[in-house]
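Reader: I would like to take a close look at one part of this model, and I would be grateful for a careful explanation of the terms along the way.

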Amino acid sequence: FELIGIPEAPTFGAAYELAKEVENILGIRPAFLLAVLTQESNIGKNVGQCYLSNSETGEGIRAVSGEKITRVMKPSRDIPHFLKICQELGRDPYNTPVSCPMQYGWGGAMGPAQFIPSTWIRYAERVKEITGKTANPWSIKDAFLAAALYLKDYGASSQNPNDEWKAAMIYFSGTTNLKFRFYGDSVISIAKQYEQDIKEMAKFVLKFAFFENINN
């Protein structure tokens, strides 16, 4: 299966076309997938503001200021996988942006789908089975597929709003703990807006095709 080629941080129209192709493979509703990726990285526009600087401690720096910061990546869980991923892709692990830590936990999430390295390796082979290529978390195409695979694993391919909400919650925190419901609620709200945007795009395409036929 060959996915369409689009640049990083795609336009909404290009992202929607890719999401439709992913839906054909995995059954995840395009508006919902786009909403999750918007929440995570603004569909690839913000893939992290920190760099790892110490592979022993997980310390790093902020990309803009160079400020030293702790808990950029968890050493025992993620750093070995991160170093291996970067090596396979020919990337400098100390010059590759990852997410900064929030007020709790660790940072280190990668690419448009914002998978931590230890989660990415669980999906890399499955992405490769679809694309036939080494999975790359910084590739918009691979990120869409990995996110959709994850959401499908947790029931979102039913396209039922309750199932989608639960899958979004698990995507964020690994649980459906209601203290994180802000995330699931936000994703569903964004998805509703995207459904309207998609309908408007469809109307525009039909109108454009109509006038093209008249002019021809």
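Author: Residues are numbered from 1 along each chain as its sequence is written, and side-chain values use heavy atoms, without hydrogens or water. The model is predicted, so local features need pLDDT of at least 70 and side-chain atom pairs pLDDT 80 or more, while totals for chains, interfaces and linings use all residues.

Met 102 counts as partly exposed because its relative accessibility is 48%, and that class lies between buried (under 20%) and exposed (over 50%), with a 1.4 Å probe and protein chains only. Met 102 sits in the loop between helix 3 (79-89) and helix 4 (117-131), where a helix is a DSSP run of H or I with at least four residues, numbered from the N terminus.

Together with Tyr 104 and Phe 182, Met 102 forms a nonpolar surface patch of about 330 Å² accessible area. In such a patch, nonpolar side chains are joined within 5 Å, and each residue has over 30% relative accessible area and no salt bridge (a Lys or Arg side-chain nitrogen within 4 Å of an Asp or Glu carboxyl oxygen).

The largest pocket holds about 860 Å³ of space. Its lining has 31 residues, and Met 102 is among the closest to its centre, along with Glu 40, Ala 109, Gln 114 and Phe 172. A pocket is an open set of points on a 1 Å grid where a 1.4 Å probe fits, with protein on both sides within 12 Å along at least five of seven lines, and lining residues have an atom within 4 Å of a point. Helix 6 gives the most to this lining, with four residues.

Conventions:
Patches are made of residues with over 30% relative accessible area and no salt bridge: like charges are joined within 9 Å, nonpolar side chains (Val, Leu, Ile, Met, Phe, Trp, Tyr) within 5 Å. Accessible areas come from the Shrake-Rupley method with a 1.4 Å probe; for residues, only the protein chains shown count as cover. Helices (H or I, at least four residues) and strands (E, at least two) are DSSP runs, numbered from the N terminus. Grid points are joined across faces, edges and corners, and a volume is the space filled by probe spheres set on the points.
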